[in-house]
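Here are some notes for a colleague who is about to look through this structure. They are set out as numbered points.

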Amino acid sequence: MSEPTTRPRRRRALRPLPVATLLVLIGYAVLTPWWAGTQTADFSQALLPPGPGQWFGTDHSGYDLFVRSAEGLRVSLLIALVCAVVATVLGVAVGAVAATAGGRIDRFLMRATDGVNALPHLLIGVVIVALYPGSLTAIIASISLTHWPQIARVVRAEMLSVRSSEYVEAAYLWGASRGQVLYRHLLPAALPQAAVGLVMLVPHAVWHESTLSFLGLGLSPDEASLGTLLEVARGDVFTGAWWTLAAPAGVLVATTLSVAGLSNALGGRSRSALGRGRGRDPLAGIVTEGSDRDGEGTGTPRATPPLVRVRSLTLRLPTEDDRWVHAATGVDLDLRAGELTALVGESGSGKSTLASALCGLSPAGTRSSGSVSIDGREMLDADERAWRGLRGRTIGLAAQSGAETFTPVRRVGPQIAEVIDALGTEVSVPELLERVGLEADTADKFPHELSGGMAVRAVTAAALAGEPAVLVADEPTAGLDPELAAQILLLLRRVADTGTAVLVITHDLQVLETTDVADRVAIMYAGRIVEQGPARDVLTAPEHPYGRALMAALPAHGLHPLPGLPPELTDLPDDHSFADRTGGTDVADR
Ligand SMILES: Nc1ncnc2c1ncn2[C@@H]1O[C@H](COP(=O)(O)OP(=O)(O)OP(=O)(O)O)[C@@H](O)[C@H]1O
C-alpha cells in the first residue's frame, strides 16, 4: 500500500512588477554612468527641459539629469545597502544573544533595544552627521546605529518560537550543544526574516540619506546622491525648472516602491516557508493498581538485568495555577535488551511524561521521587551534564511529532548527518535510512515532503544515529492507518531484535494484538501502571478491570465504550483507582 504523501506547499511567486522595476532601476544605476562616460559641465546646455536629446532635462551646470540621476541612485543605493547590512548584522547579533542567553541578559538587551527604538532617528542622525560633516562613515553610522532594533526584535521573536519547537528539543535530545542548536536551527530559522528586514531597510536608508543630504548635512553637493540632487534642485521649482527636482524625486519614489513591493513579497514567502507483585483490589476484587503479572517489576529479576529499571517513580508536575499534576505515581518498569515493551493507556494517563522522565526531560519544576536507573546509573536526580552523556547514545527518543522533529527549511539527510556528527558514531545516513526502510533519496527531501509513515521512519533513523541501547518511541503510530501502524511496529520489532531495549507508547491496541510484536505490555491509568506482563497474557486475558475495559473497547472485541471519564490528574487523590470511575462495575458485568 502506498503511503499518503503530504502535498508539498507551493511557494508564493514573487510579484513580477516590483522585481522587474527594481532590476531596471539597478541596470539604470549601473550601466548608465558607464555608457555615458565622464560628464563635463556645459553651461550652454544649462536648464534644458526634458526632450529628445535629454530625456530628463539638464541641470544648472548643463549635466544630463538622466545620467546624473543614475549616478545619484547608484551612490544612494550603495550607501543604503551598506547601512542595511550593518544594521542587520547588529540586529541579528543582539536578537540572537538575547534569545539564547535569556534571563537578565535578555531583559537588558531588550530594554536597550526599546531605548534606541524610542529615539527620534532623524534627530540622532542629524546630531551624528553634524559632528562629522560630509563624512560618509558618519552618514552610514547615523543610519545603521538607529535602525537595528527592529531586526533584533524580529530575530529574537523568531528564535524564541523555534527554540520551543519539537525539532529543537529533539536536537538537544540527540546530543547537540547550545552553539550547535544556535548555528543549525535558530539562526537558519531567523535569517530569512532578517533578510526581509534588510531589504525593507534599503528604501528606508535611501530616504534617510536623501533627507540628510537634502538638509545639507550629507554628502557634498559635488557628489551626486539622490539627496544631494534634490537639495541642489529645491529652489528650481519656483523658477519653473521643475525637472531638476522631478528627475531624482521620480527615481527615488520608483526605487522605494519597487524595493518595498519586493520586501512585502519576500516577507510572505518567508512566512509561508516556515510556513510538536500481584495483589488484590478491594473494590474490583481481582488485582491491585500496579499489578505485575510475572513479578519482575517488584519481585524476582529475570535472567538479563534491565537496561532501564524504574522503581516507585512518582512525578508531580506544577501547573500555572499552583496545583500539581499527578502524572506518575509509584511506577515500576523494566526495559531489557532485545525486548519490545508497549506502554498503553488513555490520553492523559501520563505515558509521555514517563517517557520524558526516562530521557531526563521532565518539565521544569517537576517534583520526583523513586528511582530511574539506566545502564546501572541512578539518573533521577542527575544533572543536565550527566544526561547529555546518556541521551542519544544510551537512550534515544523518537519524539511524538514525526516531521515536526526536523527543521522545516532544511533537507532531512543533512539533519540526520548532524545528529551522527554530534554523537560521534560511525553509521552513515544511507545505512540509517535503509535500517528504517527508507529509500536513500529520502535524504534529499524536505520534512514536509515526507508522508506520515516516512516521517516516523526518518525520526526513528535520527534516534538510532547514536546506536542507543534503549529506544523510546512516543506514539509512532499516531495518525497512521492500521496497515502503516503495523509496518512501524514491525520496524520497531526489528530494532529490538538487534538487541535494543524498545519502549513503544501507543494507543493502537488492536494493531499491537494483531501484529504480536510486543514482548511485554504495561497498562497505565491515571499515572499508575495498573498491570504489566507478557504481551500475550495482558492482551488476551487482562487481569485488571481497566485492561479488560480497554480491550473490550476495541472494534474486534465488541466496541464497548469505556465507562465514565478519565480523572483529572490535578490534585488526584492518592488512593484513586479505576473502580472510582466505574462505581465498581466491571466490563464483565455489562
Ligand atoms: N509540561 C507540563 N506541565 C504540566 N502538566 C503537564 C505537562 N505535560 C503534561 N502535563 C499533564 O500531565 C498529564 C499526563 O500527560 P501525558 O502527555 O504524559 O499523557 P499521555 O498519556 O502521554 O497522553 P497522550 O496519549 O495524549 O499523549 C496530563 O494531565 C497533562 O495535562
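1. Which residues does Thr-244 touch, not counting residues up to four places away in sequence? In this predicted model, Thr-244 touches Gly-57, Asp-59, Leu-65, Ala-233 and Asp-236. Thr-244 lies in helix α10, which covers residues 243–273, and Thr-244 counts as buried because 28 C-beta neighbours fall inside 10 Å, where 20 or more are required. One of the residues it touches, Ala-233, is 11 residues away along the chain, and the C-alpha atoms of the two are separated by 5.5 Å.

2. As for the chain as a whole, it has 20 helices and 11 strands, and buried residues make up 46% of its 590 residues.

3. The largest nonpolar core contains 158 residues, of which Val-472, Val-502 and Ile-523 touch the most other members. Residues of both domain 1 (62–273) and domain 2 (334–362 + 383–563) contribute to this core, so it lies between them. Val-502 in particular, leaving aside residues up to four places away in sequence, touches Leu-340, Thr-341, Leu-471, Ala-473, Leu-492, Val-495 and Ala-496.

4. Around the ligand there are 14 residues, and those that come nearest are Ser-347, Lys-351, Ser-352, Thr-353 and Pro-363. Two or more residues of this shell are given by each of the elements β3 (324–335) and α11 (351–358), and the largest share, 3 residues, comes from α11. Sorted by class, the shell has 8 polar, 5 nonpolar and 1 charged residues.

5. The UniProt record, in an unreviewed entry, places the feature "transmembrane region" at residues 17–36, 75–101 and 122–145. In the model, residues 17–36 are 100% helix and 0% strand, with the end C-alpha atoms 27 Å apart; residues 75–101 are likewise 100% helix and 0% strand, and there the end C-alpha atoms are 39 Å apart.

6. Ala-20 has its place in helix α1, residues 16–36, and is exposed, with 11 other C-beta atoms within 10 Å. A point worth checking on the display is the pair formed by Ala-20 and Ser-258, which are 238 residues apart in sequence but 8.4 Å apart in space, C-alpha to C-alpha.

7. Is helix α19 (residues 545–552) largely enclosed by the rest of the structure or largely open? Since 7 of its 8 residues are buried, helix α19 is largely enclosed by the rest of the structure. The buried residues are Pro-545, Tyr-546, Gly-547, Arg-548, Ala-549, Leu-550 and Met-551.

8. Two backbone angles deserve a look, given that most residues other than glycine have a negative phi. Asp-375, although not a glycine, has a positive phi of about 50°; Asp-375 sits in the loop between β5 (367–374) and β6 (377–378) and counts as partly exposed, with 17 C-beta neighbours inside 10 Å. Glu-467, also a residue other than glycine, has a positive phi near 45°. Glu-467 is found in the loop between α15 (452–463) and β8 (470–474), and with 17 other C-beta atoms within 10 Å it is partly exposed.

Methods. Residues numbered from 1 in each chain as written. Predicted model: local features only at pLDDT ≥ 70, side-chain atom pairs only at ≥ 80, totals over all residues. Near = placed C-beta within 6 Å. Helix = DSSP H or I, 4+ residues; strand = E, 2+ residues; numbered from the N terminus. Nonpolar A, V, L, I, M, F, W, Y, C, P; charged D, E, K, R; others polar. Core = buried A, V, L, I, M, F, W, Y, C linked by C-beta atoms within 7 Å. Buried ≥ 20, exposed ≤ 12 C-beta atoms within 10 Å, placed from the backbone. Domains from an automatic or database assignment. Contact = placed C-beta atoms within 7 Å. UniProt positions renumbered as here; feature names shortened; annotations may be inferred.
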